[in-house]
Amino acid sequence: QVQLVESGGGLVQAGESLRLSCAASGSRFSNNLMAWYRQAPGKQRELIARITSGGSTNYADSVKGRFTISRDNTKNTVYLQMNSLKPEDTAVYYCNAQSPSGFTTNAYWGQGTQVTVSS
């Protein structure tokens, strides 16, 4: 089992920055693929950034160049640094873990943290 707890959301103005954190339980954090998703009102949840166990990263085009995902395996934590925020970044942000288990992969979600960007 993996439990994920996000923090760092809030209300900011356009152009400002926020850093989200996701603290994970469990001793196999370093093996997990970690990702950040977001869901705006009336829209589907979308993948915006992910980082593999080896540290490789991928980003959605909408956040590329503005957001940075990173992980600290000593703290079982993944981060999302969000710069140059725009009103369209307003959403609930969710942390996701893909945890290998034998021949399967289990997916876990955090409870979400609200990010609101005012214009």
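A contact here means heavy atoms within 4.5 Å. On that basis, among contacts in the protein between residues at least 6 apart in sequence, 54% join residues at least 24 apart. The model is a predicted one, so to speak for its local features takes pLDDT of at least 70, while side-chain atom pairs count only at pLDDT 80 or more and totals for chains, interfaces and linings use all residues. Numbering starts from 1 along each chain as its sequence is written, and side-chain values use heavy atoms, with hydrogens and water left out.

As for secondary structure, there are 11 strands and 0 helices, taken as DSSP runs (E, at least two residues, for strands; H or I, at least four, for helices) and numbered from the N terminus. The radius of gyration, taken over C-alpha atoms, is 14 Å, which agrees with the value near 14 Å for a compact globule of 119 residues (the rule being 2.2 Å times the number of residues to the power 0.38). Along the principal axes, the C-alpha trace spans about 45 × 25 × 25 Å.

Buried residues (under 20% relative accessible area, 1.4 Å probe, protein chains only) make up 39% of the 119. Neighbours within four places in sequence aside, the contacts of Asn32 include Val2, Ile51, Arg71 and Pro100.

How values were computed:
Buried < 20%, exposed > 50% of the residue type's maximum accessible area, 1.4 Å probe, protein only.
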